[in-house]
Every structure is written in C-alpha cells, then in structure tokens.
Amino acid sequence: TRVEVEWRAQDRYIPFDSINSIIDVGAGDFEVLNRLMSQYPKKEFTAIDPSFNGNQYKKAKVLHGMVEDSIFNESYDLVMITHVLEHVVDLKSFMEHVLPLVRKYVYVEVPFQVGPALLLTRSVNSQHINYFTPETLRLLLEKFGLKVEKIRFENEWYKYNGMAGMIRVIASRADTPVTC
C-alpha cells in the first residue's frame, strides 16, 4: 500500500539504530506512532496532541495539549513533526518550544503545495496556513540551530490526493555527531 511504501522510504534515512526515545508532536490519528511501534517495539514512545483525551495510546505515553503550552523536563532522541508545521500559527514560538525536546534528531514532513501546482491541482487547504519548499523548510530549521542532514522531495506517491508532493527532512542538533 502507499503508506507502507511511504514508511519504508522514511526508514532509509532516519538512523533508528541510534534512537531509543521518540516523541510524536501532533500525533493526530497516531498513524506515525503505530508504524514505529510495530517496527521498533523496544523503543520508548511519547506523543503530544491536543485532541487525544487519554494519557496512554498502546505503549506510548500521551501528553494532552499543545507543545507551546507544555513544559517538558526531558528530551528525546527523535522528535517527529509530521504534517504539523503547515498548520502552526506562530512558527517561531512552536520551534522555540520544540528545540529543547530534541536530543539528537528531528524528522519533519510537510506537503509541497506551492507554485502553479497549488492552483492547477486545487490542493489548497483552508487548514494550511504555511507553505514550504525544500529550501524554505531547510532555512526554517537552520534558523533554529538545526543542521539539515538529509532533505528529500518526493512527488510520486501523493498525486491521488491532489498534492504535488512531500518534503521530508532529517535534521540534527548542531552538537550531535552525525550517524545517518
């Protein structure tokens, strides 16, 4: 299926062998965590999401709320931010709150919905208030002290939903040795 192919592509450039703890920021329907928990059952999982009312989802601890409104006393080897940045009103505040969570890596995935494709494919979404290119996403992450290790623009899997593609980035803290 598309999701399986999509996830195998992500697995190629996220260094899971050096990761023990993972937080999914804006977990939503828990699709990302479900995949990770099934493939890496020995990892420690946490999620933060304002729409989930429980404090546990399968083996993941769940924090109810927005990352900007939360106080964290720990950091994580991998911070997953998938399909979140395009919805964030204040990117500066969001990134300032996410940065302390990142011990080693951050994975970001956003839709590519700019340029003529925005009008031609009618992929505009009223819930999306930020639009990125690979370059603008790289600049955002670097502005907050993250070093982009790999950036991938993929356009072959998303034609079915009108999006021109996905931008996927793995970045590290500047003080983290690179192993990917």
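The legends below describe close-up views of a predicted model.

**Notes on the model.** In this predicted model, local features need pLDDT of at least 70 and side-chain atom pairs count only at pLDDT 80 or more, while totals for chains, interfaces and linings use all residues. Residues are numbered from 1 along each chain as its sequence is written, and side-chain values use heavy atoms, with hydrogens and water left out.

View 1. Helices (H or I, at least four residues) and strands (E, at least two) are DSSP runs, numbered from the N terminus. Along the sequence they follow the pattern α-β-α-β-β-β-β-α-β-α-α-β-β. Of the 180 residues in the chain, 48% are buried; buried means under 20% relative accessible area, exposed over 50%, and partly exposed in between, with a 1.4 Å probe and protein chains only. The chain exposes about 9100 Å², and carbon and sulfur atoms supply 53% of that area. These areas come from the Shrake-Rupley method with a 1.4 Å probe, and for residues only the protein chains shown count as cover. Contact means heavy atoms within 4.5 Å. Among contacts between residues at least 6 apart in sequence, 63% join residues at least 24 apart.

**View 2. Eight strands form an open sheet with mixed pairing.** The order of the strands is β3-β4-β2-β1-β5-β6-β8-β7. Strands β3 and β7 (146–154) stand at the edges with a single partner strand each, so one side of each is left without a neighbour in the sheet. Two strands pair if DSSP finds at least two bridges between them.

View 3. Five of the five residues of β1 are buried. In a regular strand the side chains alternate between the two faces of the sheet. In β1, S21, I23 and V25 point one way, whereas I22 and D24 point the other way.

**View 4. Strand β4 pairs with β2 and with β3.** Strand β2 (residues 44–49) runs parallel to β4 (residues 60–64), and four bridges join them. T46 stands opposite K61 in β4. With β3 (residues 56–57), β4 pairs in the antiparallel sense over two bridges. Here Q56 stands opposite K61, and the bridge partner of Y57 is A60. β3 and β4 form a hairpin with two residues between them, and K58 in the turn has a positive phi of about 50°.

**View 5. F30, F52 and Y57 are linked by ring pairs into a cluster.** A pair of aromatic rings is described by the distance of the centres and the angle of the planes. Rings of Phe, Tyr and Trp (its six-membered ring) pair if their centres lie within 6.5 Å; planes under 30 degrees apart count as stacked, over 60 as edge-to-face and the rest as tilted. A search of the whole structure finds four aromatic pairs. One of them joins F30 and F52, edge-to-face, at 4.9 Å centre to centre with 70° between the planes. F30 lies in the loop between β1 and α2 and F52 in the loop between β2 and β3, so the pair ties together parts that are 22 residues apart in sequence. The ring centres of F52 and Y57 are 6.1 Å apart and their planes are at 85°, so this pair is edge-to-face. F30 is buried, with a relative accessible area of 2%, and Y57 is buried with a value of 18%.

View 6. An α-helix has 3.6 residues a turn, so residues three or four places apart point the same way. In α5 (residues 134–143), the buried residues are L137, L140 and L141. After α5 comes G145, whose phi is positive, near 80°. In α3, the buried residues are L91, F94, M95 and V98.

Terms used
Axes are lines fitted to C-alpha atoms, for helices over the stretch in contact, and angles run from 0 to 180 degrees between N-to-C directions.
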